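Here are a few notes to go with your first look at this one. Have the structure open as you read.

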Amino acid sequence: MNMKQIEQKWQKYWEKEKTNSFNPKKTDKKYYCLEMFSYPSAAKLHLGHWYNYGPTDSFVRYKKMKGFEVFEPMGFDAFGLPAENYAIKTGIHPKDSTEKNIANMEETLKKMGAMFDWNYEIKTCNEDYYKWTQWLFLKLYEKGLAYRKEAPVNWCPDCKTVLANEQVVNGQCERCGASVVKKDLTQWFFKITDYAEELLEGLDKVDWPEKTKLMQKNWIGKSTGGEIEFTAESGDKFKVFTTRADTLFGVSYVVLAPEHPLVKKLTSETQRKAVEDYIYETSKVNEIERLSTTREKTGVYIGHDAINPINGKHIPIYASDYVLYSYGTGAVMGVPAHDERDYEFAKKYNLPVTRVINAVNGDDALPYCEDGIVMNSFGFDGMTSEQARKAIINKLVQEGKGSYKTNYRLRDWLISRQRYWGAPIPVIHCDKCGVVPVPYKDLPVKLPYDVEFKPDGESPLAKHQGFMNTTCPVCGGPAHRDPDTLDTFVCSSWYYLRYPDAHDSEKPFDPEIINKMLPVDKYVGGAEHACMHLLYARFVTKALHDMGYLDFDEPFKSLVHQGVILGPDGNRMSKSKGNIIAPDPYVEQYGADVLRLYLMFGFSYTEGGPWSDDGIKAIVKFLDRIERIATKISTVKDTGSKEIGKNEKDLLYALNYAIKSVDKDMEAFSFNTAVARLMELLNSIQKYDGLETKNPSLFKKCFEKFILLLAPCAPHFSEEIWSIIGNHPSVFQQEYPVCDESALVKDEVEVAVQINSKMRGKIIIPNKASEEEIKEYIYKDEKLANELADKSVKKIIIVPNRLVNIII
């Protein structure tokens, strides 16, 4: 079979018949399945795209055959730094290169044969999309969820832009690999921290992988405890959050983040140079690395002490990079006897270690980090840790030196980017009126085409006078636009809302349509987005729900992460290792269905694994066997036995067992086992075909149902086979097979026979044989009869349809 011709034939048919088009009048039966949209890079589709889109499309086709009105849109996450870097390198404008790349990817995606409904396509770089991304910004601004402040940010000196914490990997820019440094800039933020508790609670009602839920819970990082006020010798005050107030008497030092304003203010002259040098070195280390538990803890004494509020003792103040000014209060208390990190720090800098918690089991080793019985804590000795935590905080509350507090590790979402190829931030800066949001009627704030891309630390937009100079919408005076653009994660934080109403020019989406179509029923994409895109999308959904636009507050009901296809050597694919497998040659040689089917069969979908050429060749042989049977059936007349004997019952059993198993496996994204069941069923069909006497009509019926099961996994091929055996119209207009449970009840079963619990053989007996009948069948077996000769049977233990144990 010429797969290339077959694929072209059926793709034309599907397009002509609008087989893949969503019918918005059937939202009562809708099933919204969404694959994470891709960035339109210059490269062609790689195996990662195929592995995400191919098997998921098979799941969608399965759902369509199950009677759902399937909605599977596709679009492009088209803004971003790579296109801008490419422009700097080549002089090709980001708009031009992006549009060309999108056209190439559209072509290849269509050749895949997926059910993408291109009528709903979106491109985030188009004005008709980013107009509404700007609308979203303004709505969040109105609700106090978008604000501007000066803050230390991650700065990539090569890309010359701000990076979110998640975009810094091992102290380096994830895009270019340059070392990231800290820099103070005035930035825009979204106040995602206002939704910290809701983001935690919402995880309990979604069908997501537990690992992903745990990653988000850890990223949000809820902890409950107390906020305690320490006073410096200068009289300056600072607060420390702790979950272990029971250890307060054991504090032997406090630590301020190097960026904390009090560090510079309180540092003594003798320590100034050491402290300034330390602050500079800290600026080279990203926050994720600073928080690493394996990194050596460093610090510097600032030459000033603080007073412990519970006992009045003077304790030294250190600056250390393991404390972040942007997290919590930017200050922590050091309790070396009861914290591993503090213990290491105290030993390194010769600080006192005072034990204030006794282990219940008498463990004397330090550091002791568990709860226990309080000691060396005047007024609280003998209490349990839990009792002391409450009692100590209560005392501090009465004295005005503390309070109960719930803290979150989550920080607000930095959305400013000093680059060109993104959605302009819709804000005007007026010397008289201050920050003024762009009126809705003036959206979109359009990106100018004629820009200078040479990086110098400023957004290219800041150098474009025609863009920057404008009029204040409040006072009418001269003003200038915000020169920054929005983080591309803002574009992708709401795209799932745009798809069902993709061409609405009056609003971002029609709530009436969206509230029928969402939440997304099944979302499929990489686990690397757990703490970025997935968290941001949940925040935006909750915010829009609170504004009254949405009836739901979680965007994705069910989530699946695909695994990673490795190189043949078992390592991640990379140019440096020379183990990259490009899908195009396989599509050219074998066809899209063969590649899709191999990706489904050769790997556990959520795990992935190493690529194998032998595996793809096995799929080719599998389809060849199917084609041979189809050719034979197409020429055989329905003139034969109509009998339903043992062989027919065995075939019907195999068929219905496969229907039941494949149905369950497809629903669970267990594609490898689904295809394995199809292969088993084909073996049964071929075995029956080899019989001299057979029932032709039953044989064809079983083969047809086999093709219906195969259709979602090999759509072009199955359409052709369906046609070859004389069936019309499209296989995808047929209903998915339903298991006949009665066919799974066998007339005869094979059971194991034990004598005194030791295996002695197997016999075939009627399905509902009585104990006496089972005895008869045992004694008819020559081997078993000889073993039981002259033996007295005391008891027979029967496990129905599985086991007979004879006790003698």
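1. Start with phenylalanine 22, which has a relative accessible area of 9% and so falls under the 20% cut-off for buried. Keep in mind that this is a predicted model. Phenylalanine 71 is buried too, at 0% relative accessibility.

2. Those two rings form an aromatic pair of the tilted kind, 5.0 Å centre to centre with 55 degrees between the planes. The pair ties together distant parts of the chain, 49 residues apart: phenylalanine 22 sits in the loop between α1 and β1, and phenylalanine 71 in strand β2.

3. Next, have a look at tyrosine 318 and phenylalanine 345. Their ring planes stand at 85 degrees, with centres 5.4 Å apart, so this pair is edge-to-face.

4. The charged end of lysine 746 sits over the ring of tyrosine 653, 4.3 Å from its centre. Lysine 780 lies over the face of tyrosine 777, at 4.9 Å from the ring centre.

5. Now the helices: how do α19 and α20 cross? Their axes come within 9 Å and cross at roughly 115 degrees, in a right-handed crossing. Among the contact residues are Leu595, Tyr598 and Phe601 of α19, and Ile616, Ile619 and Phe622 of α20. By class, this contact has 10 nonpolar residues, one polar and no charged ones.

6. Last stop, proline 696 in helix α23. Its relative accessibility is 17%, so proline 696 counts as buried. Its C-alpha atom is 47 Å from that of glutamate 121, 575 residues away along the chain.

Terms used:
Residues numbered from 1 in each chain as written. Predicted model: local features only at pLDDT ≥ 70, side-chain atom pairs only at ≥ 80, totals over all residues. Heavy atoms only, no water. Axes fitted to C-alpha atoms, helices over the stretch in contact; angles between N-to-C directions. Helix = DSSP H or I, 4+ residues; strand = E, 2+ residues; numbered from the N terminus. Left-handed = near helix turned anticlockwise from the far one by under 90°. Contact = heavy atoms within 4.5 Å. Nonpolar A, V, L, I, M, F, W, Y, C, P; charged D, E, K, R; others polar. Buried < 20%, exposed > 50% of the residue type's maximum accessible area, 1.4 Å probe, protein only. Phe/Tyr/Trp six-rings, centres within 6.5 Å; stacked < 30°, edge-to-face > 60°. Lys NZ or Arg CZ within 6 Å of the ring centre and 35° of its normal.
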